[in-house]
Amino acid sequence: SKYTEQVVLIYDGDTAGQNATKRAIPILEKAGLQVKVLQLQDAKDPDEFIKTQGAQKFAALISGSINHIDYRLDEVKRKYNTDIDNERVTCVNEMLLILADLSNKVEIEIYIDKISKMLNVSNESLSAELSSVKKRLYKARENKNKKEELEKYKTGFMRVSELASKSTALDKEVKSVHALGV
């Protein structure tokens, strides 16, 4: 970005704030920004926090903000009781979907290790499953692109057919006008 390389998203912890955070992360990433997240616990918004706690405490909070991947992984973990095996499997799968969009191998390895420790699953299993997830996502995106191309073709074909029928009708009209001697 032209003005900064890093953005800290600050939203309150309610559902609306969490949803807004989830929507903002990919938009900011596409803009080439490093995204961190700070969840306010003791105030409804930054303004209230600064008024009640002061700017220095707010600056300290910002310096303690977490990477958006860590934030998203924590959000997923909170949704599940990972002491129950099938919920832990679902949690792992959801976390791997987050990692599937990463391309930096070192970054992937770091997060695989974090998930491994967090959920007591081997790095090898996580890496193998991540590979499978990436393949499935690639195929799904490829199929989606093929469907979109087919729809574009169909739409284009329908427009051409529509234009052709209008052209035929216009030709008939012109011929009937010529037949009348006009």
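A: α5 and α6 are roughly antiparallel to each other, because their axes cross at roughly 165° and angles over 145 degrees count as roughly antiparallel (under 35 is roughly parallel, 65 to 115 roughly perpendicular, the rest oblique). The model is predicted: local features need pLDDT of at least 70, side-chain atom pairs count only at pLDDT 80 or more, and totals for chains, interfaces and linings use all residues. Residues are numbered from 1 along each chain as its sequence is written, and side-chain values use heavy atoms, with hydrogens and water left out.

The axes of α5 and α6 (residues 105–119) come within 11 Å. Axes here are lines fitted to C-alpha atoms, for helices over the stretch in contact, and angles run from 0 to 180 degrees between N-to-C directions. The crossing of α5 and α6 is right-handed. That term applies if the near helix is turned clockwise from the far one by less than a right angle; anticlockwise is left-handed. On the α5 side, the contact is made by R88, C91, V92, M95, L96 and L99. On the α6 side, Y111, I112, I115, M118 and L119 make it. Contact means heavy atoms within 4.5 Å.

Helices (H or I, at least four residues) and strands (E, at least two) are DSSP runs, numbered from the N terminus. Now α5 by itself. Helix α5 has 15 residues. From its first C-alpha to its last, α5 reaches 21 Å, close to the 21 Å expected at 1.5 Å a residue. The expected span is 1.5 Å times one less than the number of residues.

The buried residues of α5 are R88, C91, V92, M95, L96, I98 and L99. Seen down the axis of α5, these buried residues fall within an arc of 145°, so they line one face of the helix. The arc is that of the directions from the helix axis to the C-beta atoms. Buried means under 20% relative accessible area, exposed over 50%, and partly exposed in between (1.4 Å probe, protein chains only).

T82 lies in the loop between α4 (68–79) and α5 (85–99). T82 counts as buried because its relative accessibility is 14%. Leaving aside neighbours within four places in sequence, T82 is in contact with K77, R88, C91 and L119. R88 and C91 are among the buried residues of α5, and both also take part in the contact with α6, as does L119 from the α6 side.
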